[in-house]
Amino acid sequence: MNFMDKETQFLCGLLELQYNATDIPAITKLSSSVAWAQGWPADNRAFWNAEAFMWSKKIDKETRQLIEKELAFLQKRRDHKNLDLGCGAYSYLPSVGFDFSEKMLQFNERCTKKVIGSLEEKLPFATASFDSVTAVFVFNYILNYQQLFCEINRILQEGGKFVMILSSTSINEWQKQKEVNSFTAQHWSLLLGYAGFKVSLTEKENLLFFQCQQKAYVFSCWPECSSRCGLRSRKEQGRKIISS
Ligand SMILES: C[S@@+](CC[C@H](N)C(=O)[O-])C[C@H]1O[C@@H](n2cnc3c(N)ncnc32)[C@H](O)[C@@H]1O
């Protein structure tokens with residue numbers, strides 16, 4: 001007889017999965033009895049909710065420290081306002097954390113505020129409301145990346161900074177099942193340029209750092225996206241607009 005409740009049984013299954021010694025159909029069956037895991041592993045939110053329990057161990061300490069060091073320049077003032085998109089269970093500087101996984105957010109101790117929502121939709125933040133935006137190990141999971149770039153541009157203060165970090169090497173097989181794009185660094189730089197950012201790209205320790213400065217509110221690229229994303233409303237607000 002099994003005396004563990006379904007949630008504990010599901011968590012034990014996840015633990016076994018780390019050692020590749022598991023029966024995925026059996027864990028899938030258990031997931032249907034756990035509210036936050038229903039639909040695992042096919043459902044994206046359930047997948048990331050489950051990842052949250054081991055997340056602090058999935059990225060090594062040295063990598064975390066390097067990213068923290070590289071992002072430290074953003075926080076010039078005490079009242080600096082950073083938005084961490086797809087923050088998961090770990091933010092590298094005090095941030096408003098945004099993620100669709102309530103479990104990831106639950107474990108994140110660096111968030112000054114936690115907001116649940118999807119990165120595939122428009123962001124629930126006011127225009128020009130952040131000094132900087134970060135997205136670490138996230139964009140390879142986003143289908144609607146064009147709209148998201150437009151949204152980042154919209155919510156940044158004029159001249160604000162956006163830093164996107166991605167792995168330059170292939171990610172592990174388990175998370176790879178959720179990857180929806182894997183562009184080259186040059187292609188990402190091009191896309192960021194189209195979205196109105198001046199990009200500086202560096203590579204360190206298998207990490208790609210895209211440091212982006214907001215330079216323009218773009219009308220010439222992705223016209224269907226710029227009108228959908230409300231970039232025109234900035235013009236109406238009398239903000240400076242530069243055509244690219
Ligand atoms: C690989 S983890 C990175 C977490 C964190 N940035 C870090 O460096 O540890 C990807 C994160 O993106 C979130 N995510 C993936 N797709 C998302 C979406 N469509 N909307 C909101 N969050 C999403 C996941 O829940 C997860 O927390």
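Residues are numbered from 1 along each chain as its sequence is written. The model is predicted, so local features need pLDDT of at least 70, side-chain atom pairs count only at pLDDT 80 or more, and totals for chains, interfaces and linings use all residues.

**Confidence and overall fold**

pLDDT is the predictor's confidence in each residue, from 0 to 100. The chain average is 87, and 85% of the residues score at least 70. Over residues 226-244 the pLDDT is below 50, yet this stretch has 33 contacts in the model beyond near neighbours in sequence. Two residues are in contact if their C-beta atoms, placed from the backbone, lie within 7 Å.

The chain holds eleven helices and seven strands. Helices (H or I, at least four residues) and strands (E, at least two) are DSSP runs, numbered from the N terminus. Of the 244 residues, 34% count as buried. Buried means that 20 or more other C-beta atoms lie within 10 Å of the residue's own; exposed means 12 or fewer, and partly exposed is in between, with C-beta atoms placed from the backbone. Among contacts with a separation of 6 or more, 56% come from residues 24 or more positions apart.

**Ligand shell**

The ligand is surrounded by 17 residues. The closest are Trp 48, Gly 86, Gly 88, Phe 100 and Leu 119. A residue is near a molecule if its C-beta atom, placed from the backbone, lies within 6 Å of it. The shell divides into eleven nonpolar, four polar and two charged residues. Here Ala, Val, Leu, Ile, Met, Phe, Trp, Tyr, Cys and Pro count as nonpolar, Asp, Glu, Lys and Arg as charged, and the others, Gly among them, as polar.

Strand S2 spans residues 95-99, and five of its five residues are buried. Both faces are covered. Ser 95, Gly 97 and Asp 99 lie on one side, with Val 96 and Phe 98 on the other. In a regular strand the side chains alternate between the two faces of the sheet.

**Helix H2**

Helix H2 covers residues 24-31, and its Ile 27, Leu 30 and Ser 31 are buried. Seen down the axis of H2, these buried residues fall within an arc of 105°, so they line one face of the helix. The arc is that of the directions from the helix axis to the C-beta atoms. An α-helix has 3.6 residues a turn, so residues three or four places apart point the same way. The buried residues of H2 pack against helix H1 (6-17) and helix H3 (44-51).

**Backbone exceptions**

Most residues other than glycine have a negative phi, and most peptide bonds are trans. A cis peptide bond joins Trp 40 and Pro 41, with omega about -5°. Pro 41 sits in the loop between H2 and H3.

Phe 137 has a positive phi, near 55°. Its loop lies between strand S4 (130-136) and helix H7 (145-155). Phe 137 counts as buried because 20 C-beta neighbours lie inside 10 Å.

Asn 206 also has a positive phi, about 65°. This residue belongs to the loop between strand S6 (197-204) and strand S7 (207-214). Asn 206 is exposed, with 10 other C-beta atoms within 10 Å.
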